[in-house]
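Please load the model below in your viewer and keep the selection panel open. The stops follow one another as a list of things to select.

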Amino acid sequence: MVDLGSNSVRLVVFEGWGRNPLAIFNEKAVLGLGRGLQNTGRLNEAAVSQALTVMERYHAVAREMGAAPLEVFATAAVRDAENGPAFAAALAERMPGVPIRILEGEEEAALSAAGVLLGFAEADGILGDLGGGSLELVELSQGRTGAIASLPLGAIRLADRAGGDIVRARAIAEEELGRLPWLAHGKDRDLYLVGGAWRALAKIHIAQTAYPLSIVHHYVLRRDEARDLCGLIMAATRRTLERLPGAPAKRLQDLPFAAVALRRLLRATGARRVVFSANGLREGWYARQLPEAVRRQDPLLCAGREMAERYGRDTALPAALLTWTAPLFPGESAAEAALRTAACWLSDIGSHDHPDYRAEQSFLRVLRQPGIGLDHHERAFLALVVALRYEPELEAPWLATARALLDGASLRRAEVLGEALRLAYTLSGGTPGLLAGTTLAVEKDQLTLRLVEGAGVFAGDSVQRRVEALAATLRLQPAVEVAAG
């Protein structure tokens with residue numbers, strides 16, 4: 001699909017129709033189609049001809065890739081401009097047979113909400129989607145949409161309305177947001193942020209703080225951190241912004257006004273923290289194509305299954321591993337159980353990699369995967385578990401990212417699960433039939449591995465060593481018992 005916005009135009013081609021959208025082509029052109037619209041009432045003439053050229057290219061790319069369906073969604077600039085209908089007609093001539101929809105503000109907001117909910121299934125708070133021309137706002141309650149609004153507060157439009165004056169922009173934003181009393185329902189809840197200018201703020205903060213994972217999706221700032229970041233950007237000169245690590249050159253003039261919109265929105269909502277989302281309108285379009293049953297699937301577990309199907313050897317093994325490791329985790333929460341399930345699915349994804357690099361390759365594959373339902377803690381936990389299953393050097397520098405993102409309890413849990421999975425694969429060779437001849441038991445201060453005689457497994461040196469390592473991690477005494485088959 002093509003997202004034709006006030007500042008940029010982007011073609012995204014998704015592969016398949018799984019629960020987690022997988023973009024295999026993603027190209028953006030920053031054109032500033034809506035720049036000057038506030039004063040002229042028309043699309044930026046210099047950008048119109050560029051947009052037509054870019055859209056012809058996108059049409060050709062989509063056609064050659066066999067992307068279907070292909071749709072163009074035009075947002076605030078085209079819907080508000082006097083020459084918007086003429087521009088849409090010109091597009092239709094150059095892209096015959098391709099639906100071109102000029103979205104109303106509430107339609108745009110609803111699509112953004114659908115995209116966010118694809119990655120944050122239980123989102124609870126206020127969603128803000130900042131474009132160049134408009135700011136879409138949606139109340140979210142435990143994964144359901146409520147009140148919806150669209151305001152003329154996009155970064156480009158706000159700058160134009162304020163004549164480039166930050167103080168004036170603050171007053172304009174406060175007045176517009178004040179028209180929506182339901183924003184106060186966001187008090188002490190989350191504020192979900194969508195849009196390129198806000199993602200740019202997240203990238204700046206990631207670079208400034210040397211945060212260990214350069215992924216904006218699910219990046220979280222406390223309220224005070226977000227306010228301080230906005231204050232910094234609003235007060236910065238152009239030269240200062242140019243020198244900020246992570247600041248995108250093509251968005252520099254818009255960043256202060258994006259910061260104004262965010263700071264006023266924090267005040268209007270009373271949100272306790274902000275959560276950045278890479279999902280928005282485009283993923284919302286994708287979500288609308290999915291059957292309801294697929295949309296309801298758990299994104300974390302789907303991400304694990306999809307990766308196992310792509311890289312693993314036997315999709316019957318994860319369920320067996322889940323049962324086999326259960327005695328080690330009594331009383332685990334639903335969230336912990338879901339993570340353990342996903343780890344079991346991911347545990348064999350290095351099977352086709354070079355033996356010397358399986359741990360590192362699997363770690364990076366999990367940590368940086370495109371799964372939209374994984375927050376940074378989940379990425380780090382699963383990556384560490386999978387790496388430990390392949391017995392890496394424990395002081396390997398690439399493991400530091402996961403350790404920096406996990407607390408002590410999560411680290412210990414990951415170590416236990418990683419050790420257990422290593423033992424399971426040593427015993428079974430990655431086959432559920434051999435694993436079935438073994439069980440684990442925790443009794444008082446002892447970890448016992450029980451083997452069935454004649455089942456094709458035995459307690460050789462490697463098994464003994466790994467039982468001892470797992471027991472040490474659990475702070476238990478190791479034992480191995482062999483029972484008649």
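**Before selecting**

This is a predicted model, in which local features need pLDDT of at least 70 and side-chain atom pairs count only at pLDDT 80 or more, while totals for chains, interfaces and linings use all residues. Numbering starts from 1 along each chain as its sequence is written, and side-chain values use heavy atoms, with hydrogens and water left out.

**Stop 1: the domains**

Colour residues 2–103 as domain 1, 105–283 as domain 2 and 298–431 as domain 3; these bounds come from an automatic or database domain assignment. Between domain 2 and domain 3, the C-alpha centres are 33 Å apart. Where the two meet, ten residues of domain 2 are in contact with twelve residues of domain 3 (contact means heavy atoms within 4.5 Å).

Next select 305–471. The unreviewed UniProt entry places "domain: Exopolyphosphatase C-terminal" on these residues; UniProt positions are given in the numbering used here, the feature names are shortened, and annotations may be inferred rather than shown by experiment. The span is 57% helix and 8% strand, and its end C-alpha atoms lie 29 Å apart. Helices (H or I, at least four residues) and strands (E, at least two) are DSSP runs numbered from the N terminus.

**Stop 2: Leu31**

Select Leu31, in the loop between strand 3 (23–30) and helix 1 (37–40). Is Leu31 buried or exposed? Leu31 is buried, with a relative accessible area of 14%; buried means under 20%, exposed over 50% and partly exposed in between, with a 1.4 Å probe and protein chains only. Apart from its neighbours within four places in sequence, Leu31 is in contact with Asn7, Ser8, Val9, Asn44, Ala47, Gln50 and Ala51.

**Stop 3: the cavities**

Rolling a probe the size of a water molecule over the atoms shows where empty space is left. On a 1 Å grid over the protein atoms alone, a cavity is a set of points where a 1.4 Å probe fits but cannot get out, and a pocket is an open set with protein on both sides within 12 Å along at least five of seven lines; lining residues have an atom within 4 Å of a point. Grid points are joined across faces, edges and corners, and a volume is the space filled by probe spheres set on the points.

The structure holds three cavities of 30 Å³ or more. To find it, select Asp3, Ser8, Leu130, Gly131 and Gly196, which lie nearest its centre among the 27 lining residues. Helix 8 (196–209) is one of the elements that give two or more residues to this lining, and it gives the most, with three. By class the lining has seven nonpolar, twelve polar and eight charged residues. Ala, Val, Leu, Ile, Met, Phe, Trp, Tyr, Cys and Pro count as nonpolar, Asp, Glu, Lys and Arg as charged, and the others, Gly among them, as polar. Domain 1 and domain 2 both give residues to the lining, so the largest cavity lies between them.

Move to the second largest cavity, with about 80 Å³ of space. Of its 14 lining residues, Arg313, Asp314, Pro318, Trp345 and Asp348 are the closest to its centre. Helix 15 (317–325) and helix 16 (334–346) each supply at least two lining residues, and the largest share, three residues, comes from helix 15.

**Stop 4**

The largest pocket has a volume of about 700 Å³. Select Asn26, Arg199, His217, Ala278 and Glu283, the closest to its centre of 30 lining residues. Helix 8 gives the most to this lining, with five residues. The lining divides into 14 nonpolar, six polar and ten charged residues.

Finish at the second largest pocket, of about 510 Å³. Phe120, His218, Gly373, Asp375 and Glu378 are the closest to its centre of the 23 residues that line it. Helix 16 gives the most, with four residues. Domain 2 and domain 3 each supply at least three residues of this lining.
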